[in-house]
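Biologist: I'd like to learn how to read a model like this one. Can you walk me through it?

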Amino acid sequence: MHLKSHWWSDLTARDFRNLDMSGVVAVFPVGAIEQHGPHLPVKVDAAIAEEICKSAVAQMAHEFPALVLPTSFVGKSDEHLAFPGTLTIPGALLGEYWFEIARSVHRAGCRRILFLNAHGGQPQVMEMVCRRLRVELGMLAVSSMWSRFTDMTDLFSAHERKHGIHAGEVETSVMLHLFPDLIEMGEARDFVPLSVEIEQREGILTPEGAVGFGWQAQDLHPSGASGNAASADAERGKVAFERAVAGLMRLIQEVANFDLAVFDTKPSYE
C-alpha cells in the first residue's frame, strides 16, 4: 500500500477504487467550538484535535495505514450554553452525523475508524456511536481522547489533572504552544472549581469520576474555566502535545493490526 496523501479529502474517487482499504484506519478528529474562560479562544478543542492530526500526518511514511477525515469542529457543548460564542449540536443529532460519516467510510471499503476526541463533554456520544458501528456495520470503531492516552504525570500535578478539566493548566499550556498569539494570559487565573470544595468534604459525590452529576460550566466556576490557567507555560504544552502525537501514531498502528476475525466469533452455549 502506498498512499499519495494521508488526508482523506486529497484522494480521488479512482484512488479509493484502486486502494486496498482492508488495513487502512480512518482517523476522525472531533472537537468543539465553545467558551474556554476569559483567556482562551472558543476553538480550543477543535484546534487541538486537528493540530495533533496535522503533526501526525507530517510524520507518516507513504506506507503508514492512515487516512485522516475532515475535522468535526462543532460538538455537543450544551454545558457551555450560558456563554456567548459557544456552538452546539444535540447529542442525538451529533451521534447520527458521526455515524453517517463512518457509514460513508465503510462504503469506501474501510472497516476501521478511530475517533480522536478533544472535548470532555461528548465521550459518551462517541462510545455509543462506536458500539453501534460494530453492531450494525461490523466495523472496528475506536473511541479515544488525546488527554487520556497521553502521559502527563510528570508535567502537571495530580490535583490539576483531576480538577483542571476545562481551560486549566493543561489546555492553556498546549494552546500557548500552538497559538500563543491568541492567548490572553493577562486574563488567566487559578480558576478553583467546585470539585475542589466537594473533595475537601471527603464525600463520594463529584462532577466527574466514579460518581458524577449533570452540570453546566458556570456551576463549577463562574468564569466557565476550571483549573490553574495562570501557571500554564508553552514548554510543558509542547511536551504534552508531542506525546499526544506519538500516542496517536501508536494507536493507529494498533488499530491497523487488530484482527477483525475476532468479530466473526460465534456465541457458545457450552
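Modeller: Helices (H or I, at least four residues) and strands (E, at least two) are DSSP runs, numbered from the N terminus. Here the protein chain has nine helices and six strands. It's a predicted model, so local features need pLDDT of at least 70 and side-chain atom pairs pLDDT 80 or more, while totals for chains, interfaces and linings use all residues. Residues are numbered from 1 along each chain as its sequence is written, and side-chain values use heavy atoms, leaving out hydrogens and water.

Biologist: What is the radius of gyration of the protein chain?

Modeller: That radius is taken over C-alpha atoms, and the globule rule is 2.2 Å times the number of residues to the power 0.38. For 270 residues a compact globule would come out near 18 Å; this chain has 19 Å, which agrees. Its C-alpha trace spans about 55 × 50 × 35 Å along the principal axes.

Biologist: How many of the residues count as buried?

Modeller: Buried means under 20% relative accessible area, exposed over 50%, and partly exposed in between (1.4 Å probe, protein chains only). In this chain, 51% of the 270 residues count as buried.

Biologist: And Arg107: buried or exposed?

Modeller: Arg107 is exposed, because its relative accessible area is 60%. You'll find Arg107 in helix α3, residues 91–107. Between the C-alpha atoms of Arg107 and Glu171 there are 36 Å, with the two sitting 64 residues apart along the chain.

Biologist: What share of contacts do residues 24 or more positions apart account for?

Modeller: Contact means heavy atoms within 4.5 Å. Among contacts with a separation of 6 or more, such pairs make up 79% in this chain.
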